[in-house]
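What follows is a walk through one predicted model. Please keep the structure open while reading.

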Amino acid sequence: MTNPATQTWGGTAGVPAIDVRDLHKSFGSHEVLTGIDFRVALGEVVCVIGPSGSGKSTLLRCINRLEDPTSGQILIEGVDVTHPDAELDQIRTRIGMVFQQFNLFPHMTVLRNLCIAQQRVKRRSKAEAVEIARANLVKVGLAEKEDAYPAHLSGGQQQRVAIARALSMDPDMMLFDEPTSALDPELVGDVLAIMRELAAEGMTMMVVTHEMGFAREVGDRLVFMDGGVIVEEGDPRSVLAEPRHERTKAFLSKVL
């Protein structure tokens, strides 16, 4: 296990990208996560499903340290990110996160949205930040929108910008928190196509999603959460076709 004060980032063979150990999270007297043990291998795509309030989003936010766990331990590439000395800004540069809402700065152009964290957190020069930002806008098919403001983009375009912004920080892994649930149905496909491409390139990904087709097609593993625990997990095609747990069966009967 790496000391956060002397951490060296980057995947190591045999070390999980994400290692969650007995994770608990409470908001007041309400316990949202009740002892999660969970690992994601380097290059693995894990899709997380479950009803609203099951703890899916809270799990992602704890992994990225946007929420402080009540107890337990989270290791990212062997680094204990729950350690009191953990450098949270450094941690978040290694873990890209894309939210349900796009969280773009409305007063900044698309290009500036992609550059600001690179310059302030990564300490990149403006020229380097712009070069990286433009490359990622090409990747998400929005090179012609660099001078546009978020209000002038569709929801799908804004979410693709948000993905490009996360990629511009050169993360080792990506967390997606229901990235298509706020989009009109006809815009979902463009965002999922970018995520498929990232998976094909070997990006480690955790995806909280309601898109069962994506989970079946792209996921290496499917996790079903309910009541703050992992109820069932396995190969997505097997879990979706023949769930073992009655709670999983009941949930899938309503969404498939």
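A strand is a DSSP run of E of at least two residues, and a helix is a run of H or I of at least four, with both kinds numbered from the N terminus. In those terms, Glu77 is in the loop that joins strand S4 (71-76) to strand S5 (79-80). Its backbone has a positive phi of about 50°, although Glu77 is not a glycine. Most residues other than glycine have a negative phi. Glu77 counts as buried because its relative accessibility is 6%, and the cut-off for buried is under 20%.

Arg123 sits in the loop between H3 and helix H4 (126-139). Is Arg123 buried or exposed? With a relative accessibility of 69%, Arg123 counts as exposed, since the cut-off for that class is over 50%.

Next comes strand S6 (95-98). In a regular strand the side chains alternate between the two faces of the sheet. In S6 both faces are covered: Ile95 and Met97 are buried on one side, and Gly96 and Val98 are buried on the other. S6 pairs with strand S7 (residues 173-177) in the parallel sense, over 4 bridges. Within S7, Met173 is the residue opposite Ile95.

S6 also takes part in the lining of the largest pocket, to which it supplies at least two residues. The volume of the largest pocket is about 540 Å³. Its lining consists of 19 residues, and Arg92, Met97, Ala117, Arg165 and Met169 lie nearest the centre. Sorted by class, the lining has 10 nonpolar, 5 polar and 4 charged residues.

Helix H5 also holds Gln158. Gln158 counts as buried because its relative accessibility is 16%, again set against the cut-off of under 20%. The side chain of Gln158 reaches the backbone oxygen of Pro150 at 3.4 Å. Apart from neighbours within four places in sequence, the residues in contact with Gln158 are Phe102, Leu104, Pro150 and Leu153.

Key: Residues numbered from 1 in each chain as written. Predicted model: local features only at pLDDT ≥ 70, side-chain atom pairs only at ≥ 80, totals over all residues. Heavy atoms only, no water. 1 Å grid on protein atoms, 1.4 Å probe; cavity = no way out; pocket = protein on both sides within 12 Å on 5 of 7 lines; lining within 4 Å. Points joined across faces, edges and corners; volume = space filled by probe spheres on them. Nonpolar A, V, L, I, M, F, W, Y, C, P; charged D, E, K, R; others polar. Buried < 20%, exposed > 50% of the residue type's maximum accessible area, 1.4 Å probe, protein only. Pairing = 2+ DSSP bridges. Polar contact = N/O pair within 3.5 Å; in protein donor to acceptor, adjacent residues only side chain to side chain. Contact = heavy atoms within 4.5 Å.
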